[in-house]
Protein chains: 2
Amino acid sequence: MVTIYDIAKKANVSPMTVSRVINHSPAISEATRLKVEAVIREMDYIPNKQARGLVSKETKLISLVIPDIANPFFTTIARGAEDKALQSGYQMLLGNSDEQTDKECRYVDLLLSSKVDGVLIAPTGDASLSNLRKLAKRRVPFVFVDRYVEGIDADLASGDNVETTRELVAHLAEQGHRRIALINGPSGISNARERRQAFLDALVLSGLEAYPELLIETHFRQDSFSDIVRTFMALAPSARPTAIVAANNFIGVNTLRALKEMNVTVPDEIAVACFDDPEPIPDYNPFLTVAAQPAYDIGYMGMQMLIERIEGTAPARSRKIMLPSTLIVRKSTVKA
Amino acid sequence: MVTIYDIAKKANVSPMTVSRVINHSPAISEATRLKVEAVIREMDYIPNKQARGLVSKETKLISLVIPDIANPFFTTIARGAEDKALQSGYQMLLGNSDEQTDKECRYVDLLLSSKVDGVLIAPTGDASLSNLRKLAKRRVPFVFVDRYVEGIDADLASGDNVETTRELVAHLAEQGHRRIALINGPSGISNARERRQAFLDALVLSGLEAYPELLIETHFRQDSFSDIVRTFMALAPSARPTAIVAANNFIGVNTLRALKEMNVTVPDEIAVACFDDPEPIPDYNPFLTVAAQPAYDIGYMGMQMLIERIEGTAPARSRKIMLPSTLIVRKSTVKA
DNA sequence: TATGTTTATGTTACCGATAACATTAACATA
DNA sequence: TATGTTAATGTTATCGGTAACATAAACATA
């Protein structure tokens with residue numbers, strides 16, 4: 001491998017002079033600079049970031065830890081985050097936690113060892129506390145995307161859960177629904193908690209009543225909703241929900257599937273709307289009404305805040321950025 | 001930061017002994033090992049990969065360079081690749097080339113500086129040659145996913161373009177179509193070239209004729225197909241295609257959209273089928289007939305071959321893995 | 001008993017860069 | 001002319017590990 005020593009020898013200067021040229025130090029004569037630059041080009045020298053990092057204590061590496069890169073919502077966050085990282089000269093490491101705190105823990109250990117400059121994380125839930133404490137203890141800056149953890153002070157970029165929930169409920173209320181169910185994520189995850197509260201508030205706002213039996217808590221990656229749907233359908237017709245709000249795209253799509261399997265027609269018998277668009281490339285004839293969170297911006301802004309933290313240009317107090325969603329009304333909530 | 005020197009001092013041994021314990025060297029007495037391990041735990045020591053890598057010449061970093069992480073096909077490749085990487089103790093860096101050779105070049109420079117152990121790449125096309133040469137020159141192992149570059153010898157994991165194309169054409173022929181169009185990617189990308197040839201061969205196999213005016217070359221991320229569709233519709237009715245094969249999900253979806261805008265009914269007037277499912281979470285009522293390539297396996301197998309190359313356990317000759325697709329027939333090709 | 005072998009541990013140098021300090025030459029100033 | 005100042009460059013130590021070699025103690029063998 002070509003090192004600054006090879007360059008130095010060939011250019012007849014000291015390695016330190018080469019280092020100065022590479023780092024654009026002003027204390028270099030024009031003549032020397034040109035000479036060294038010529039040799040660098042000639043020998044096709046590339047600085048070794050590892051060696052540099054050992055001294056400078058920075059790696060220009062940022063880790064993104066998300067539940068699942070295959071979910072279009074997180075995919076788009078990743079895309080936004082990566083764009084910002086590249087702009088600022090950082091490279092992005094990817095980690096899927098699969099909503100499992102122990103897998104997340106494995107990543108945290110890995111990235112602590114890799115000495116990343118910072119971490120952008122959508123934590124698996126409140127159980128992530130110990131993982132985040134580990135980061136904090138080692139003074140690795142981190143920023144939350146999509147979700148936060150109670151008791152940990154850090155910047156957050158997320159969708160506006162309150163306003164988004166309100167929009168979904170208002171839309172359904174407008175369509176005449178009076179009994180609306182919520183199929184939510186686990187209460188151990190901040191956005192599920194927020195969505196639940198926002199849902200209850202939104203019902204009041206729309207002049208509707210809340211029914212405890214229509215408030216379901218499940219997982220964001222639950223893949224069968226047959227039991228839940230069956231329970232709904234077992235209710236007396238007057239007690240059945242006529243509309244369902246699903247707390248993410250995965251729940252939304254799989255609820256639709258369960259309804260279809262049980263021959264419940266959507267939206268005629270039950271309307272369905274959800275958070276996050278399941279389709280990154282909108283299909284010909286999309287069916288599901290969604291409140292699309294601005295995932296790209298969440299990733300981009302989150303990364304921006306993180307880089308500001310890393311580079312010390314962020315304000316001392318932590319920032320919470322809530323971005324508005326876009327309600328996209330489709331067939332699953334509008335009767336023909 | 002806690003280093004092996006801190007551990008050594010506290011445990012009353014030399015730093016080298018600590019290093020041996022960390023690396024599970026057998027030449028350590030049980031007593032010393034336990035003593036050192038206790039101090040390591042007590043002081044919460046984490047090895048510094050940068051320092052280690054400076055000596056060992058490995059970073060346990062692999063870079064994945066793909067056109068776009070937001071495209072579900074590549075997303076799923078990333079997911080498979082990441083799973084395999086983690087299993088084998090590697091971390092994955094992500095880079096989006098956006099189908100631009102110069103952006104790809106920027107990444108290659110970055111990862112050369114980061115001293116990654118290997119690169120998994122879906123090259124932007126034949127123009128990637130110089131970028132790949134750079135990698136080869138520096139002896140950074142790389143493996144192709146989805147696409148290869150003529151003149152570069154490396155392992156490849158991809159879908160079986162020939163067989164997949166044949167299936168799509170056979171399906172359309174079975175539906176009675178005699179004039180089938182192909183809207184393809186750029187001929188500078190290997191899989192577009194392969195799909196074109198496979199398409200022509202498949203037509204022959206199905207006893208159909210090829211019409212040059214129905215062979216369109218465009219971009220994999222082209223977003224408007226109005227002109228192409230308009231040209232088709234301007235043909236005399238007997239010369240118009242009755243079916244279109246789109247070379248990827250993006251082309252497929254946007255062709256559908258263009259057809260819709262021009263009030264061409266699908267599949268009645270024109271049927272449409274494409275490579276790669278645009279929907280990572282199949283929607284309630286998916287419309288588009290697709291040949292779904294096994295993206296997860298492409299990523300997983302590609303990463304596996306790469307790790308074998310890195311660790312020197314791969315055979316000298318390069319391997320080409322072609323994985324079969326699954327034809328999913330939906331409404332866009334089947335008249336009601 | 002002297003020597004060889006094995007096992008466990010320590011010492012030194014180095015990976016490729018940079019920070020901190022040292023030196024030199026050129027020039028300005030008194 | 002002696003001294004101070006500035007600009008350009010060099011030297012040394014260090015970052016946190018590990019390879020290679022050195023050493024010491026314990027034991028076996030002739």
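Student: Which residues come nearest to DNA strand C?

Tutor: Ser19(A), Tyr45(A), Thr17(B), Arg20(B) and Thr32(B), out of 27 residues around DNA strand C. Those 27 count as near by having a heavy atom within 4 Å of the strand. Bear in mind that this is a predicted model: local features need pLDDT of at least 70, side-chain atom pairs 80 or more, and totals for chains, interfaces and linings use all residues. Numbering starts from 1 along each chain as written, chains are lettered from A and ligands numbered from 1 in written order, and side-chain values use heavy atoms, without hydrogens and water.

Student: How do you know that Ser19(A) makes a polar contact with DNA strand C?

Tutor: A polar side-chain atom of Ser19(A) sits 2.3 Å from a phosphate oxygen of DNA strand C. A polar contact is an N or O pair within 3.5 Å, so this one qualifies. Ser29(B) uses a backbone N or O atom instead, 3.0 Å from a phosphate oxygen of DNA strand C.

Student: Which helix gives the most to the surface near DNA strand C?

Tutor: Helix 4 of chain A, with four residues. A helix here is a DSSP run of H or I, at least four residues, numbered from the N terminus.

Student: What about DNA strand D: which residues come nearest to it?

Tutor: Thr17(A), Arg20(A), Thr32(A), Lys57(A) and Ser19(B), from 28 residues around DNA strand D. Sugar and phosphate make up 59% of the atoms of DNA strand D within 4 Å of the protein. Thr17(A) puts a polar side-chain atom 2.5 Å from a phosphate oxygen of DNA strand D, and a side-chain N or O atom of Thr32(A) is 2.3 Å from one. Ala51(B) reaches a base nitrogen of DNA strand D, 3.2 Å from a backbone N or O atom.

Student: Why is helix 1 of chain A called oblique to helix 3 of chain A?

Tutor: Their axes (lines fitted to C-alpha atoms over the stretch in contact, with N-to-C angles from 0 to 180 degrees) come within 9 Å and cross at roughly 125°. Under 35 degrees is roughly parallel, over 145 roughly antiparallel, 65 to 115 roughly perpendicular and the rest oblique, so this pair is oblique.

Student: Which residues of helix 1 of chain A meet helix 3 of chain A?

Tutor: Asp6(A), Ile7(A), Lys10(A) and Ala11(A). Their partners in helix 3 of chain A include Lys35(A), Val36(A) and Met43(A), and contact means heavy atoms within 4.5 Å.

Conventions: Polar contact = N/O pair within 3.5 Å; in protein donor to acceptor, adjacent residues only side chain to side chain. Helix = DSSP H or I, 4+ residues; strand = E, 2+ residues; numbered from the N terminus.
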